[in-house]
Amino acid sequence: MRRTAFILGSGLLSFVAFWNSVTWHLQRFWGASGYFWQAQWERLLTTFEGKEWILFFIGAIQVPCLFFWSFNGLLLVVDTTGKPNFISRYRIQIGKNEPAGETWSHKGMEVNKE
């Protein structure tokens, strides 16, 4: 029991000391760069002339859509070609639809056209 209390107490003390140190450094950094971030935000707003809906459209719709399709485009290339091997070896259904073939991808594109 004493050993457990010593280990847990030492761990808790070390964690609190580390957390206080990190918090102190982050507060100093944020205090020094707070005006910098505010100036960047104001410059961004003046670029779009205060039209927040454009920022919403770009930041909340287009950027996530771009990341989604770039990542899934990579997975589509892996499915159709079977390469690179370092990604295709983690497939859930190994040996099924390797490579997927043109009929599978063309059928999907035809459905999306309609």
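User: How many helices and how many strands does the chain have?

Analyst: In this predicted model, the chain has four helices and zero strands. Read along the sequence, the pattern is α-α-α-α.

User: What share of the residues counts as buried?

Analyst: Of the 114 residues, 5% count as buried, and the cut-off for that word is under 20% relative accessible area. The chain exposes about 10,500 Å², with carbon and sulfur atoms supplying 68% of that area.

User: Which residues does the annotation "transmembrane region" cover?

Analyst: The unreviewed UniProt entry places the "transmembrane region" at residues 53-78. In the model, residues 53-78 are 100% helix and 0% strand, and the end C-alpha atoms of the span lie 37 Å apart. The annotation comes from the record and may be inferred rather than shown by experiment.

User: How many aromatic pairs does the structure hold?

Analyst: The structure holds two aromatic pairs.

User: Why is the pair of Phe 15 and Trp 19 called stacked?

Analyst: The ring centres of Phe 15 and Trp 19 are 6.3 Å apart, and their planes meet at 25°. Rings pair if their centres lie within 6.5 Å, and planes under 30 degrees apart count as stacked.

User: Where do Phe 15 and Trp 19 lie?

Analyst: Both are in helix α1 (residues 2-47), four residues apart, which is about one turn of the helix.

User: What makes the pair of Phe 68 and Trp 69 edge-to-face?

Analyst: The planes of Phe 68 and Trp 69 are at 85°, and the distance is 5.1 Å centre to centre. Planes over 60 degrees apart count as edge-to-face, so the pair gets that name.

User: Why do Trp 19 and Trp 69 count as exposed?

Analyst: Trp 19 has 51% relative accessibility, and Trp 69 has 56%. The cut-off for exposed is over 50%, so both residues pass it.

User: Why is Phe 68 called partly exposed?

Analyst: Phe 68 has a relative accessible area of 46%. Buried means under 20% and exposed means over 50%, so the value for Phe 68 falls in between.

User: Which residues form the nonpolar patch on the surface?

Analyst: The patch is made of Phe 56, Phe 57, Ile 58, Ile 61, Val 63 and Phe 67, with about 560 Å² of accessible area together.

Methods: Residues numbered from 1 in each chain as written. Predicted model: local features only at pLDDT ≥ 70, side-chain atom pairs only at ≥ 80, totals over all residues. Heavy atoms only, no water. Helix = DSSP H or I, 4+ residues; strand = E, 2+ residues; numbered from the N terminus. Buried < 20%, exposed > 50% of the residue type's maximum accessible area, 1.4 Å probe, protein only. Areas by Shrake-Rupley, 256 points an atom, 1.4 Å probe, with all protein chains shown as cover. Phe/Tyr/Trp six-rings, centres within 6.5 Å; stacked < 30°, edge-to-face > 60°. Patch = residues over 30% accessible without salt bridge, like charges linked within 9 Å, V, L, I, M, F, W, Y side chains within 5 Å. Salt bridge = Lys/Arg side-chain N within 4 Å of Asp/Glu carboxyl O.
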